[in-house]
Amino acid sequence: MLLYSQPLELTKLVHSLDAFFRSSLSPFWATLVEGILIGIAILAAYALIALALIYIERKIAAFFQSRLGPNRLGKYGVIQSIADMIKILIKEIIHVNKIDKLLYYLAPFFVIVASVLSFGAIPFGQSLQAVDFNIGVFYVLAVSSIGVIGILLAGWSSNNKYSMIGAMRSGAQFISYELSAGFSLMTIVVLSGTMQFSELIEGQRYCWNLFNGHIPAFIAFVIFLISGHAETNRGPFDLPEAESELTAGYHTEYSGLRFGFFYLAEYLNMFIIAAIATTVFLGGWMPIQIKGWDAFNQVMWYIPSWIWFFGKAFVLMFLSLWVRWSFPRLRIDLLLNLEWKYLLPINLVNILVMVIIVLSGLTLADIFPAVFGK
Amino acid sequence: MSFSKYISGIYTGLKSLVGGMMVTWKQFWSKKVTMEYPENRKTLVISDRWRSELIMPHDENNEHACTACGICMRNCPNGTINVISKKVVNEEGKSRVALDKHLWDYGMCTFCNICVISCPSNAIIFNNDFEGAVFDREKLHHQLNHPGSKLREKKKTVPAAPKTPVAPASEATEATRPTPSVVTAGTSTSPADNKTDNAPKTNPSGNLSNEHTDKENN
Amino acid sequence: MTEQIIFYILAIVIAVFSILAVTSKQVVRSATYLLFVLLGTAGIYMLLNYYFLFAVQVSVYAGGIMVLFIMAIFLTHKPGIDVNPQDSWKVKSSAVLSLAGLVLCGYIILNNVTRVYRFVKGDELQMQDIGTAMMGTDKYQYLLPFEVISVLLLACIVGAILIARKDNGNDENINKLD
């Protein structure tokens, strides 16, 4: 019944593939082949989403500046980013003298590996999740923190004072804002009682966490968006690559594909932040469901879960781009002020408020169990 | 900093952020100012003051006003102009200097307009035929005088500059244009010999706003 | 078999990079090698299905402490310069010391490996178990208050800053005396 009612869902395909490999290969080889296939799928999705994001970002940025954006290559310029990708692939990699060669070549990989690792744990749709750790949220926070080491090493090994200043700024910024991002996610972990992405999504079937935890959840959501935005070095928080003062910041000396790694990771980190916010606050891939309205729920399920996921994530990414093209860059002391004097104290109080709300049964699901209950 | 100040600071901060985002939201839906160039050639308006290609106006008798004095050549800051003169004998038996070839290098010209300003007989002007790209560098070397042309006899009025394929600026912009401050010899008031370089931009819509690549963040 | 292959890869990575970390002449490089050691350890936790410990290892050591290490190294005088080798007797004595440590640890582990096996459960450790172990009040629980004592460390750091900081009033007095 469920499969019949969800014609565009990929669940059946994934399960039949799994059954096929399990039946025709020994367990070791089946695991290996499936691992390789999942790896290829994740890397392909990574590259494709990056290409789409670059196009979307350029288009939206242009619209915010009263321009048209790319519009020459293909209809409305849709294949512009593919052309850019080919360009960056065939670009010369410029070798720089007097750098720390090992660290210089290593640094982009740190950034991209951290990004891919956290990308891999995101639930894109029903049964479209590579691994479902029971520490899902914590895992994503942990592996994304490796990326800043790549940025620091890139800045230092380039032997360039602009890169160095950019890297130091990035380090200070990342360590600070990671705290806020973690705490705001923990607020929701308090609310939902689990860190596992699949359980988080299941728990939000009839009421998104954003509404279930009302005031503290909303504060946590805003703080997560701000600190996630800052962690990706974008928008008003792009001091590490402030081009007016630091040429290009930590990736000044990088060219060709190595620069492409930083570029790709930056765009994907934006997506990852949006995806985590979607999963934790906005119900992930779960379609909008209302208790009792079975016909309505059935219609909602006709839209495949991955479209729900990408739709919600796109709204958040649009918000991120909107912020990015609205505000001027912060000064470094104001940036740290914002985190340590505002976001972090508010966050700590917020967690306390959330604990009180959960313990005293004041969540929406507790107040209106007939409408929002699980 | 008192606690109430802290809270009110957060409130005003959030309010100003939302206000700023509303401004960009309006901008997002506004009409885009980008002009898509090859598609809009029919309606494209280039300012008359736009200096594109140096030309020597010829009248219907294939006569020009250049006396081959060479002032433009000497005044040119980077040797773009080369005036080659020849000796001709007129009906009265006097030998006089006349223009053989007025050569101008499109590729080297900086469009500073000094040659036009300094020309005593207003023989050369800049037109606004801006599509000057060619595939062969040799094609950038222009000879301004037409073959078989000769110097116009005196006491003839200089014809107006020929209209280029591109539509001229509107009358409104003509009216707001400041009058030339430096007047050289001659009574010409052809629209193209504007002498003021620091005049304010009169026709912003005429400027081609090219597509910017938006990778500024990198 | 898969687990053994992965274990050997991780073990080799940890061993090689820990040797590199102490033999490298550049401070930043040895910090990077140390990072690989920490990540390899995290990998072993993951192999044991201790995902929580894996995430703690990555976020605290790789993400937190290593970033602080690297930033502190950046702040030192000429971090890029090669460190001269120490006196040979220092190298030798530290080698002997570390070998002695290896022998001691190896002996203990070899003799207790069967006992350790009893405590290692093969299945995945649930977050809820960790939570109850931290906050519960039964036997082998109530860990968190014990951990909270580590706040003492923070107090020590704050105290150190207070002691080290020059008081503004004192500064003025010194200036006056000058």
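Two strands pair if DSSP finds at least two bridges between them, and helices (H or I, at least four residues) and strands (E, at least two) are DSSP runs numbered from the N terminus. The model is a predicted one, in which local features need pLDDT of at least 70, side-chain atom pairs count only at pLDDT 80 or more, and totals for chains, interfaces and linings use all residues. Residues are numbered from 1 along each chain as its sequence is written, with chains lettered from A and ligands numbered from 1 in the order in which they are written.

**Exercise 1.** Describe how β3 and β4 of chain B pair.

*Solution.* Start with the ranges: β3(B) covers residues 81–89 and β4(B) residues 95–105. Pick one residue, Ile84(B): its bridge partner in β4(B) is Lys101(B). Finally, visit the turn: five residues lie between the strands of this hairpin, and Gly93(B) takes a positive phi near 85 degrees.

**Exercise 2.** Work out the secondary structure of chain C.

*Solution.* Count the elements: there are eight helices and zero strands. Then turn to burial (20 or more other C-beta atoms within 10 Å of a residue's own, with C-beta atoms placed from the backbone): 16% of the 178 residues of chain C qualify.

**Exercise 3.** Characterise the side of chain C that touches chain A.

*Solution.* Take contact as C-beta atoms, placed from the backbone, within 7 Å. By this test, 22 residues of chain C meet 24 residues of chain A. Now assign elements: α2 (27–47) and α3 (51–75) of chain C each give two or more residues, and α3(C) gives the most, with 12.

Conventions: Buried ≥ 20, exposed ≤ 12 C-beta atoms within 10 Å, placed from the backbone. Contact = placed C-beta atoms within 7 Å.
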